[in-house]
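Please open the structure in a viewer and keep the selection tool at hand.

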Amino acid sequence: MDGHMKLLIADDETELVNALVAILKHSNYTVDAVYNGTDALDYALAGDYDGIILDIMMPGMDGTEVLKKIREKGLSTPVLFLTAKTEVDDRIRGLDLGADDYLPKPFDMGELLARVRAMLRRKADFSQPNLTCGNLTLDRAGYELSTPGHDKIRLSGREFQMMELLMTSPGRIISVDNFMDRIWADGEADVNVVWVYVSNLRKKLASLDATCEIKASRGLGYSISET
C-alpha cells in the first residue's frame, strides 16, 4: 500500500478534527476535513476516498444519514463511525446501513489508527467485486446476497463480513476464534453471537434457495460449500 491513502473526516468537534488530521497526516494519510453532514456527503460523493470517518451526531445531516445516501449512490468506500452514544441499537443501525466499524468516544488515538488501518486493509482485499458458491453470489460493493430469480438480500456489516470470510474460500473451515478476532475485535461479544449470526445467515440462504450451505464442524468452526 502506498503511503498516500486519502481519507475524509467529518465531525463537528473542531478541536478533535484538528487533532485527528494532524495524527493521520503524520501517519502519511492525505486528509480532508469537514464539520457537518451536508459537506460530508458532498465531499464523499465528489472525492475519491479510500476511507471515511464519520461522526454520528452532526449538524446538517447525521452520520447514519450520510452513510445511507453514500451507499444508495453505490459507493462502497469503507466507513468508520465515531459515536458518543454507545447504545447498542445505534451501533447495529449503523452496521445495518453498511458501516464497517465503530469507535465510541472518547477513544485512544492508537486505537483509531489501528481501526483505520484495518478498514483500509479490508478495502485492499476488495479486488474481486463478487464472491460465488453454487448459485449464490455475494456482492462486495453492495453488501448483498443473491441467487438467480430471487430478490437480493441486503446484509448488515457483520453478516457481510462473516459471509465474506466463508465465501472467500468455500470448503475451508473458519474457526469461531477467527470470526471473533476478525469481526468482533472489540471483545465485547460472547462466542454464542457467532452461532446466532450463522443461524440468521442460514435462514437467508434458505429463502434464496441457495445451492450451498453453511456447515458446522463440531469444535472446529464453520464452512460454506455446495450442497
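Which residues of helix α7 (residues 176-183) are buried? Select the helix in this predicted model: the buried residues of α7 are F179, M180 and I183. Their arc around the axis is only 100°, which places them on the same side of α7. Now turn to the other side of α7, where D177 and D181 are exposed.

Next, display what covers the buried residues of α7. The cover includes helix α6 (157-168), helix α8 (192-207) and strand β11 (221-226).

**The largest nonpolar core**

Which residues have the most contacts inside the largest nonpolar core? Select L136, M163 and I224, which hold that place in a core of 31 residues. Strands β6 (130-133), β7 (136-139), β10 (212-217) and β11, together with helices α6, α7 and α8, each supply at least two residues of this core. In soluble globular proteins, nonpolar side chains tend to be buried together.

Centre the view on I224. When its neighbours within four places in sequence are left aside, I224 is in contact with C133, L136, M163, L166, M167, P170, G171, L205, C212, E213 and I214. Another core, of 20 residues, lies apart from the largest one; among its members are L20, L24, L112 and V116.

**The hairpin and the four-stranded sheet**

Select β10 and β11 together. These two strands pair in the antiparallel sense over six bridges, and A216 stands opposite Y222 in β11. The two strands form a hairpin with three residues between them. In the turn, G219 has a positive phi of about 75°.

Move on to strands β6, β7, β8 and β9. In what order do these four strands form their open sheet? The order is β6-β7-β8-β9, and the pairing is antiparallel. At the edges are β6 and β9 (153-154), each of which pairs on one side only. Within this sheet, three bridges join β7 to strand β8 (residues 144-146).

**The five-stranded sheet**

Now select the strands from β1 to β5. Five strands form an open sheet with parallel pairing, in the order β2-β1-β3-β4-β5. Its edge strands are β2 (30-34) and β5 (101-104), and each pairs on one side only. From one strand to the next, the twist averages 20°.

Focus on strand β1 (residues 6-10), which is joined to β2 by five bridges, the two running parallel.

**The last stop: D55**

Finally, select D55, which lies in strand β3 (residues 51-55). An unreviewed UniProt entry places the feature "modified residue: 4-aspartylphosphate" at D55. Is D55 buried or exposed? With a relative accessible area of 3%, D55 is buried, since buried means under 20% relative accessible area.

Which residues are in contact with D55, leaving aside its neighbours within four places in sequence? Display A10, D11, D12, G63, L82 and K105 to see these contacts of D55.

Definitions and conventions: Residues numbered from 1 in each chain as written. Predicted model: local features only at pLDDT ≥ 70, side-chain atom pairs only at ≥ 80, totals over all residues. Heavy atoms only, no water. Buried < 20%, exposed > 50% of the residue type's maximum accessible area, 1.4 Å probe, protein only. Arc of directions from axis to C-beta. Contact = heavy atoms within 4.5 Å. Core = buried A, V, L, I, M, F, W, Y, C linked by side-chain atoms within 4.5 Å. UniProt positions renumbered as here; feature names shortened; annotations may be inferred. Pairing = 2+ DSSP bridges. Axes fitted to C-alpha atoms, helices over the stretch in contact; angles between N-to-C directions.
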